[in-house]
Amino acid sequence: MRGNLLVVSNRGPFTIEENNGSLKYRPAVSGLVSAVLPAVKKIGGTWLAWAGRIAEKPAEVQAVIKDEFQFVEILLSREEVEGYYEGYANGVLWPLCHLMPEKVRMYEENYRIYREVNQKFAQKAATLLRTGTLLWIHDYHLALMPHFIRQKNPWQRIAFFWHIPFPPVELFTIQPWAEEILRGLLGADIIGFHIDDYRENFLRAVERVLKLPVNYEWGTVYYNGREVLVKAVPIGIETKNFQKEVPEITEIEQEIAGLKIFLGVERLDYTKGLKEKIQGFARFLEKNPEYRGKVKLLQVAVPTRENIDQYQTYAREVLAEAAKVNERFGDNHWQPIKILKRNYSQEELIYLYRIADALVITSLEDGLNLVAKEYIASRKEPGVLILSKRTGVARQLNAALLVNPYSPEEIALKMKEAIEMPDTLKKKSFSLLKEQVILKNNEWWLENFLGKELRLMDTGFGKYYRKRGEKKVGAID
Ligand code: G6P
């Protein structure tokens with residue numbers, strides 16, 4: 001193990017499955033993991049997370065060395081998963097932050113469990129901290145953890161990155177626990193969001209709810225005698241991971257022969273606007289009959305959070321919507337929509353990105369959206385990106401065809417524009433998009449969000465724990 005970094009997140013880099021006493025490690029797929037994994041691999045250290053295993057006995061915790069960092073597993077009981085993960089994190093914070101208060105389900109009991117699980121993560125993390133360790137906590141599942149660590153270790157350096165949108169204060173305070181969540185986060189020394197809007201929403205919430213003076217320009221809050229720095233730095237991807245050669249997926253080859261392909265790659269989540277995309281595509285087929293039989297919407301729909309009611313309902317509704325469109329426009333030889341309802345590996349996704357004429361993202365609200373960046377990074381030939389204005393990444397990728405996901409009319413128009421776009425224009429906008437993705441890559445994100453902290457870790461006490469003769473990391477140096 002090299003660096004002195006401790007990363008903590010709910011979902012780790014792997015999910016672990018137990019099979020006849022032996023453990024199977026499967027790479028976990030999420031925006032958080034694809035952004036944080038390269039950083040941890042570069043710097044080294046420990047990653048503490050839940051690996052999806054449910055166990056009532058806390059004694060079975062695993063610690064393994066993988067990819068040159070140490071992975072330490074937290075086990076959760078069924079009750080903890082229901083209260084903390086499904087109940088409060090995904091039943092309150094997730095919909096609130098994505099501006100969907102009608103989806104919120106508030107139960108005091110779930111919040112109590114959320115608090116306890118945050119304490120449990122903090123207690124485990126405390127046993128892994130050494131002098132000079134930089135603690136880096138991630139996402140809305142662990143908002144109270146910085147506070148719990150600060151209570152015990154007042155001098156600990158703590159960074160926190162919030163990966164989803166942060167809503168306006170009027171919405172955030174619908175829940176009775178807003179104040180405690182804000183105080184929890186302010187236990188950190190540095191807090192990151194993807195874009196300025198979220199950073200401002202957070203600062204305004206701190207100002208209104210906690211009545212603390214904040215400096216919007218500098219992004220600083222003085223809290224309990226410390227200065228907390230709040231930054232907006234959108235995550236970037238490691239572009240070289242998307243440039244490799246990948247095999248074909250045979251069953252897809254047959255599906256797409258001779259057709260123009262619109263691609264969608266989403267978890268089956270109600271924030272992703274899958275129904276809206278399908279309705280927009282139906283409008284496109286209605287208005288442009290000449291394209292019937294000549295185009296297809298390939299929609300990867302990854303099952304997610306399947307124990308939660310709203311997700312089960314949503315999955316059913318998406319499939320029903322697609323079936324309706326296939327029935328209305330399709331025939332024996334051609335079905336306009338193909339839903340691919342499973343998990344796809346990175347290699348399979350690269351293949352899909354390369355065969356698509358346009359990637360269509362219609363999220364109703366989306367913290368950033370890394371799929372847009374992955375599409376751009378994977379393509380050998382220019383491709384078209386239709387991108388919801390309501391994604392964080394739309395601020396960076398404004399050379400895309402931006403669309404209002406609530407308007408089927410607009411989606412239909414942009415789909416037509418995408419497949420009729422002249423090559424010169426396609427090339428031009430694609431190279432602008434590519435420039436952004438390459439320039440604002442994973443190293444850029446790490447350096448801009450955490451560079452100073454990492455150097456502090458290197459020059460402070462941390463250096464005494466570094467093995468002699470070890471090389472430091474590229475972008476950080
Ligand atoms: C998305 C969000 C991340 C979040 C993750 C959780 O990828 O962008 O911020 O951490 O979902 O997914 P999970 O499958 O663990 O519920």
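Buried means under 20% relative accessible area, exposed over 50% and partly exposed in between, with a 1.4 Å probe and protein chains only. The model is predicted: local features need pLDDT of at least 70, side-chain atom pairs count only at pLDDT 80 or more, and totals for chains, interfaces and linings use all residues. Residues are numbered from 1 along each chain as its sequence is written, and side-chain values use heavy atoms, with hydrogens and water left out.

**View 1. Aromatic pair of F14 and Y25.** Rings of Phe, Tyr and Trp (its six-membered ring) pair if their centres lie within 6.5 Å; planes under 30 degrees apart count as stacked, over 60 as edge-to-face and the rest as tilted. The structure holds 29 aromatic pairs. One of them joins F14 and Y25 edge-to-face, at 5.7 Å centre to centre and 85 degrees between the planes. F14 lies in strand β2 (residues 14-19) and Y25 in strand β3 (residues 22-27), so the pair ties together parts that are 11 residues apart in sequence. Strands (E, at least two residues) are DSSP runs, numbered from the N terminus. F14 is buried at 8% relative accessible area, whereas Y25 is partly exposed at 24%.

**View 2. Aromatic pair of F160 and W162.** The pair of F160 and W162 is tilted, with 6.3 Å centre to centre and 35 degrees between the planes. Both F160 and W162 are buried.

**View 3. Ring cluster.** Y84, Y88, Y111, Y114, F121 and W177 are linked into a cluster by ring pairs.

**View 4. Charges over rings.** A charge sits over a ring if NZ of Lys or CZ of Arg is within 6 Å of the ring centre and within 35 degrees of the ring normal. K103 lies over the face of Y270, 4.9 Å from the ring centre. The charged end of R342 is over the ring of Y344, at 3.9 Å from its centre.

Note on methods. Helices (H or I, at least four residues) and strands (E, at least two) are DSSP runs, numbered from the N terminus.
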